[in-house]
Amino acid sequence: MAAGSSSPKAERRALGRAIAMMERSARRHLGFAADAPLSAQKHANVRGQMDCFDESDNTQTYLFWLKRQGFLRYHKPLRRVGQRGFLLDGRYPHKTALVRSSDGTVWAVDSWRGRDGQPPEIMRFTRWKTSDSSDFPYDPSA
């Protein structure tokens, strides 16, 4: 996280790398195979496979741990999660962990789209909220 001390943007990049590292460590310690990105119904009941609800809960836990350890200078994790989609709007329900930067901007920290152990996508919540998972290619550095 020291690499992220120079600016909010640098901290978001470091945050993504830290979460990826924590996911890999948890997987090794728990003995699960890496879960597939964009888990779908076909992955239900597969040991170690996580949906967006699992991913957002884990990411939120990592964010609060990083904050308690004093590693976050420019961002504060939020207790609420971000949600979008409810089928009637044509989008499948999806949720994500959130952080608020020191300038008040809320950022989505979404680990669901990438492979287990890859940095999560971190983007402005306003962009995440209005998009669909297929609207843009996976890019953890956005």
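Predicted model: local features only at pLDDT ≥ 70, side-chain atom pairs only at ≥ 80, totals over all residues.
Helices (H or I, at least four residues) and strands (E, at least two) are DSSP runs, numbered from the N terminus, and two strands are said to pair if DSSP finds at least two bridges between them. Residue numbers start from 1 along each chain as its sequence is written. Local features need pLDDT of at least 70 and side-chain atom pairs count only at pLDDT 80 or more, while totals for chains, interfaces and linings use all residues, and side-chain values use heavy atoms, with hydrogens and water left out.

Strand 2 (residues 82-84) pairs with strand 3 in the antiparallel sense over three bridges. Strand 1 (residues 75-77) also pairs with strand 3 in the antiparallel sense, over three bridges, with P77 and V99 as bridge partners. Strand 4 runs antiparallel to strand 3 and is joined to it by four bridges; here L98 has A108 as its bridge partner. Four residues lie between the strands in the hairpin of strand 3 and strand 4, where G104 takes a positive phi near 95 degrees. Because seven of its eight residues are buried, strand 3 is largely enclosed by the rest of the structure; buried means under 20% relative accessible area, exposed over 50% and partly exposed in between, with a 1.4 Å probe and protein chains only.

The interior comes next. A nonpolar core is a set of buried Ala, Val, Leu, Ile, Met, Phe, Trp, Tyr and Cys residues joined through side-chain atoms within 4.5 Å. The largest such core has 13 residues, of which L15, I19, L63, L66 and V109 touch the most other members. Helix 1, helix 2, strand 3 (94-101) and strand 4 (106-110) each supply at least two residues of this core, and the largest share, four residues, comes from helix 1. A second, separate core of seven residues includes L98, A108, F125 and W128.

Helix 1 (8-30) and helix 2 (52-68) also each give two or more residues to the lining of the second largest pocket, and helix 1 gives the most, with four. A pocket is an open set of points on a 1 Å grid over the protein atoms alone, where a 1.4 Å probe fits, with protein on both sides within 12 Å along at least five of seven lines; lining residues have an atom within 4 Å of a point. This pocket is lined by 13 residues, and A26, L30, F32, M50 and N58 lie nearest its centre.
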